[in-house]
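Biologist: Hi! Could you walk me through this one while we both have it on screen?

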Amino acid sequence: QEFKIVADLFDDLYANLGADDVCVSFWKQRAVYPGTLCALTLKQFDHWDRVQYQLWKCQQRMSKKLRKVAESECRLWQKEWLLACKKLGHWNILEQRANDQKLPRLQLEAQCHLGK
């Protein structure tokens with residue numbers, strides 16, 4: 001349990017420092033779900049459309065409870081999926097997600113990009 005807490009803190013630290021490659025390497029060692037590893041590898045090569053799809057599939061499988069995955073890995077899927085949508089300019093999708101999940105910051109960001 002303590003390792004998971006420390007690992008989450010290191011992940012946040014690396015992310016806040018903008019050390020994306022370190023974060024990816026860290027998660028490649030930590031992830032248990034093969035879809036996570038696939039998405040992280042695709043991210044390193046800027047295949048954002050495939051990253052988005054892979055993470056969407058991971059989240060769908062998790063919502064159907066086909067596999068038990070750590071909460072931190074699920075949060076990674078959500079965070080990286082949002083990043084992929086932003087990189088691809090899928091602001092309509094992000095606006096809908098923000099409305100559904102009541103995320104005012106994301107809603108505002110999406111609306112600004114959509115010119116609303």
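**Chat about the helices**

Modeller: Happy to. Keep in mind that this is a predicted model. One place to start is Leu13, which is partly exposed, with a relative accessible area of 42%.

Biologist: Okay, and where is Leu13 found?

Modeller: Leu13 sits in helix H1, residues 2–16. On the surface, Leu13 belongs to a nonpolar patch with Val6, Phe10 and Leu17, and together they have about 370 Å² of accessible area.

Biologist: Switching to rings: how many aromatic pairs are there in the whole structure?

Modeller: A search finds four. In one of them, the rings of Phe10 and Tyr14 have their centres 6.0 Å apart and their planes at 25°, so this pair is stacked. Both residues lie in helix H1, four residues apart, which is about one turn of the helix.

Biologist: Nice. Is Tyr14 buried, exposed or partly exposed?

Modeller: Tyr14 is partly exposed, at 23% relative accessible area. Its ring also pairs with Phe26: the centres are 6.1 Å apart and the planes at 70°, so that pair is edge-to-face. Tyr14 is in H1 and Phe26 in H2, so the pair ties together parts 12 residues apart in sequence. Phe10, Tyr14 and Phe26 make up one aromatic cluster.

Biologist: And which residues of H2 are buried?

Modeller: In helix H2, residues 20–30, they are Cys23, Val24, Trp27 and Arg30. These cover an arc of only 130° around the axis, so they are on the same side of H2.

Biologist: What do they pack against?

Modeller: The buried residues of H2 pack against H1, helix H3 (34–44) and helix H5 (71–88). On the other side of H2, Asp21 and Gln29 are exposed.

Notes: Residues numbered from 1 in each chain as written. Predicted model: local features only at pLDDT ≥ 70, side-chain atom pairs only at ≥ 80, totals over all residues. Heavy atoms only, no water. Patch = residues over 30% accessible without salt bridge, like charges linked within 9 Å, V, L, I, M, F, W, Y side chains within 5 Å. Areas by Shrake-Rupley, 256 points an atom, 1.4 Å probe, with all protein chains shown as cover. Salt bridge = Lys/Arg side-chain N within 4 Å of Asp/Glu carboxyl O. Helix = DSSP H or I, 4+ residues; strand = E, 2+ residues; numbered from the N terminus. Buried < 20%, exposed > 50% of the residue type's maximum accessible area, 1.4 Å probe, protein only. Arc of directions from axis to C-beta. Contact = heavy atoms within 4.5 Å. Phe/Tyr/Trp six-rings, centres within 6.5 Å; stacked < 30°, edge-to-face > 60°.
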